[in-house]
There are 2 protein chains.
Amino acid sequence: MKNNLEDYLKSKKETVDAALESYLPGVSSVPPIIFESVRYSVFAGGKRLRPILCLASAEAVGGKAEAVLPAACALEMIHTYSLIHDDLPAMDDDDYRRGKPTNHRVFGEAVAILAGDALLTEAFHLISSRELFKGARVESILRVIHELSQASGYFGMVGGQVVDIQSEGQTVGEETLYFIHTHKTGALITAAVRTGAILAGATEEQLHALSQYGRDLGLAFQVADDILNVEGNREALGKETGSDTRLKKVTFPTVMGLEASRQKARELVAHALTHLGSFDEKAEPLRGIARYTIERKS
Amino acid sequence: MKNNLEDYLKSKKETVDAALESYLPGVSSVPPIIFESVRYSVFAGGKRLRPILCLASAEAVGGKAEAVLPAACALEMIHTYSLIHDDLPAMDDDDYRRGKPTNHRVFGEAVAILAGDALLTEAFHLISSRELFKGARVESILRVIHELSQASGYFGMVGGQVVDIQSEGQTVGEETLYFIHTHKTGALITAAVRTGAILAGATEEQLHALSQYGRDLGLAFQVADDILNVEGNREALGKETGSDTRLKKVTFPTVMGLEASRQKARELVAHALTHLGSFDEKAEPLRGIARYTIERKS
């Protein structure tokens, strides 16, 4: 099973990479620097977790992965924009991301801000490209745009990032920690799962179960990320470990300790799996991804 | 006629302001600072040119202004996001905008970046709110999202801003000047006109004429803006005049001189009006706005 999942992730990552390559303009477009900057971060070696969740979720309800590819790529573009802006000097001031200098270190702050702006904007351009979707209803595409923008805006990702920044150096409790993580990373991960399912024609019952899976998975992923930031090594992560400590970030290990965090992650994954109880073997990749979340080394 | 236009602009501005007030969450939402920051810039006294163009365009093809209000407000949100990001220290480093300290001067750089991100994202949330549109076809809403994101992204507004920044202090010709202005401001102004018309059910012939009107108007507006930046006074503009000179910005007066710029603006307005030749009196506000473009003092 483990090898099956690895093959699945590898194959889907290739599909997503090829699609992103085809959707993003080449660097001969004008002005070249914005396309270089956008491509630099989009092809910086991301795991493509969000697009793969979108594809796997479409398959789990009987749809075809290829039919939802534009939406999967839009999710990755939104994720990449958020990383570029998070790394800016005014935010986390990070010099490295995935083992490479951050966007603003290579292209300067102005272009990095604009590359993030462009990726966010183009995500909505891509996901509103009706002709790229095979068989999705127009109503479903519009619904996905509505949900994705909600998950990315001030009631989702942006709100989480604001509280994260405001909490640096503060003593905060579990409630704030949950707010940050369910908004900053959880909302987009849940949206990824819902997006694939909605476009593939899921029933409202299936959607409800997948949302709960997404919510638990998103939180488990973030707890695991926090643990890796303490324990991981620089090569595997591609960034300085302990950077959360440097920035006095609120994390699960700092709030509840390392061992309790590990236990929490295991519980969340077990919980995520229960929501897939009524799905057949087509949901096996979603199950594998949940388990992988706490086994990964980077 | 002049009074009629003034009444029209005032009444439509009030309609847009009230709609923005109703769409934007209050500052008791969590985290309050992002809603304070967003509201600060949205209600900083903008003329609401883009939303009014959207409403006037819907009326010109026989539609109702109220039916396209969410799209009109989304246009203003995208415009406001672009101003917040343009003013950042890494970009134009402006301290004042419309007579008030810029967003980052009040809320800090991190929150200003995120307020811009949020406004851009929420614009797509608003414009994909199907239930808010009265009578628009789902296909039309999706088309508008597609066009608006194209006009705002790297092939539109963002691309124009990149070239603008890269051109500071450089000697550039008319071609670059046109690229900057047609992309940085022209694309969104044309999109505003098209958006209202598409949602109101315009024919492709009407849309074509309105696009050409929008293109000429957008350029006229920018030439007039450049002239005001040289000639205007601080009170009326709410920002330092001569700031283009300080930043060594590429402007029409620097490239072609002041008198030729005035002549150019008049020609563009005359040209914009010819494209409305086949429209009846319902297009009178669009005609008035074109004339107003070169008569305004701020």
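User: What makes the pLDDT of chain A in this predicted model worth a look, and how high is the average?

Analyst: Chain A averages a pLDDT of 94, on a scale from 0 to 100. In this chain, 96% of the residues score at least 70. For the model, ipTM is 0.96 and pTM is 0.96.

User: What makes up the contact on the side of chain B?

Analyst: Residues count as in contact if their C-beta atoms lie within 7 Å. By that cut-off, chain B gives 41 residues and chain A gives 41 residues. On chain B, helices H2 (32-42), H6 (109-127), H7 (138-152) and H8 (157-167) each supply at least two residues. The largest share, 12 residues, comes from H6(B). By type, this side of chain B has 23 nonpolar, 13 polar and five charged residues.

User: Why is H4(A) called largely enclosed?

Analyst: A residue is buried if 20 or more other C-beta atoms lie within 10 Å of its own. In H4(A), 18 of the 19 residues are buried, so this helix is largely enclosed by the rest of the structure.

User: And how do you know what span to expect for helix H4 of chain A?

Analyst: At 1.5 Å a residue, 27 Å is expected for H4 (residues 69-87) of chain A. From first C-alpha to last, the helix reaches 27 Å, close to that expected value.

Conventions:
Residues numbered from 1 in each chain as written. Chains lettered and ligands numbered in written order. Predicted model: local features only at pLDDT ≥ 70, side-chain atom pairs only at ≥ 80, totals over all residues. Contact = placed C-beta atoms within 7 Å. Helix = DSSP H or I, 4+ residues; strand = E, 2+ residues; numbered from the N terminus. Nonpolar A, V, L, I, M, F, W, Y, C, P; charged D, E, K, R; others polar. Expected span 1.5 Å × (residues − 1). Buried ≥ 20, exposed ≤ 12 C-beta atoms within 10 Å, placed from the backbone.
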